[in-house]
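Look over the chain, then follow the answers.

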Amino acid sequence: MSTPLTLPIIPISPYLPSRKKEYSDTDRAEVARNLHRACRDIGFFYLKVDGYLTDSERKGVLDLGREFFLESTEEEKAKIGLDKSDGVRGYQKLKQNITMGKADHHEGLDFCADTPYPPRERRDDAGQLKPLGGENQWPERPVAFRAQMEDWIEKMKALGMAVMEAMADGLGMNAAEWEELRSMVEDSFWVTRVIGAEGVSCGAHKDYGCLTLLHADDTPKALQVFLRPTPVPGQPLVDNEQGVWIDADPIPGCFVVNVGEMWEIWTNGLYKSTLHRVVHRSPTYRVSLPFFFEPVFNAEIKPLEAAKRKIAQEGWLLDKHGTDYSQVRYGDFLLGEVSGNFSKPAEST
């Protein structure tokens, strides 16, 4: 089996609401077909977004993060630390974020969709805010941070929905099936991070949600993706340890996108969530903004009939794990994951 040495580039313009009239059904079918192949064979791809964002917008959000991390005092950062909200939203110090049980060498700012809990259920019996029960914490400086970031988040939500529609077409969903899937993500419980790093910054891991849309500065040889051998019809679809690590360097006008474990469940193992890591060793300070387009908090995730049809149509054999994707409630799954994402910062001495 062969392994590609780069990620495919897939234009999404034919699925953007503001651009759809410029393209034909044939154009959309080609995008959907290529997207399906990328999700099935790799789990990662470059998403080309010509004209959707200006250069100023793309550069602006990176500059916001760089200014916050490099010019804010430790006191300013501490004002919006995780402990000031629900333990999930806010600022993380170096090595406070945990990946696969190991501390990451980066600073972070995390923001989430509005809490899914009604007011009376946001605190536990001890009066503490539950994870995800609080509100986002915004830096006072840069002054434009909140306004620009909220605009960015709205555009990322719309972009995520466009990718979802293309993926639905790639699986051969009918209109009713797409509407059902759409209802599970339309009020996405999104999460976005602003990350600043110098040095090795994030260990190998898989994303547990739906889609990750990564925007990063032009630092090369930082993000790496583990590419498995290309699957062959008639042989088992397995998530094995064979493969190679490749660089997924930034490409102007593109996001790096990957599927998470919710898509692995939705497709009964046809789309695998793929290992990736950040091994940034450049002397420059790297800033990145991953946006996690997630299902509705209460969505019940289970294998889709369209995915089962696609598996049969293409002649895939599922390994012993592939037939046992149990239904999960996304909110419960998310809470189980975020509970181990952060360590408590050491007391100052």
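Q: Is K221 buried or exposed?
A: This is a predicted model, in which local features need pLDDT of at least 70, side-chain atom pairs count only at pLDDT 80 or more, and totals for chains, interfaces and linings use all residues. Residues are numbered from 1 along each chain as its sequence is written, and side-chain values use heavy atoms, with hydrogens and water left out. Buried means under 20% relative accessible area, exposed over 50%, and partly exposed in between (1.4 Å probe, protein chains only). K221 has a relative accessible area of 54%, so K221 is exposed.

Q: Where is K221 found?
A: Helices (H or I, at least four residues) and strands (E, at least two) are DSSP runs, numbered from the N terminus. K221 is not a glycine, yet its phi is positive, near 55°. Its place is the loop between β9 (211-216) and β10 (223-227).

Q: What is the relative accessible area of L132?
A: L132 also has a positive phi, about 75°, although it is not a glycine. It sits in the loop between β6 and α4. L132 is buried, and its relative accessible area is 1%.

Q: Which peptide bond is cis, with omega near -5°?
A: Look at the loop between β6 (106-112) and α4, where P142 lies. The cis bond there runs from R141 to P142.

Q: How many helices and strands does the protein have, and what share of its residues is buried?
A: The secondary structure comes to eight helices and 18 strands. The protein has 349 residues, and the buried share is 53%.

Q: How are α1 and α4 set to each other?
A: Axes are lines fitted to C-alpha atoms, for helices over the stretch in contact, and angles run from 0 to 180 degrees between N-to-C directions. Under 35 degrees counts as roughly parallel, over 145 as roughly antiparallel, 65 to 115 as roughly perpendicular and the rest as oblique. The axes of α1 (residues 25-41) and α4 come within 8 Å and cross at roughly 90°. The two helices are therefore roughly perpendicular.

Q: Which residues of α4 meet α1?
A: Contact means heavy atoms within 4.5 Å. From α1 come A32, L35, H36 and C39. Their partners in α4 are V163, A166, M167, D169 and G170.

Q: What separates the C-alpha atoms of P290 and T212?
A: P290 lies in strand β15 (residues 286-293). It is buried, at 8% relative accessible area. T212 is one of the residues that P290 touches. The two are 78 residues apart along the chain, and their C-alpha atoms are separated by 6.4 Å.

Methods:
Lists of a residue's contacts leave out its neighbours within four places in sequence.
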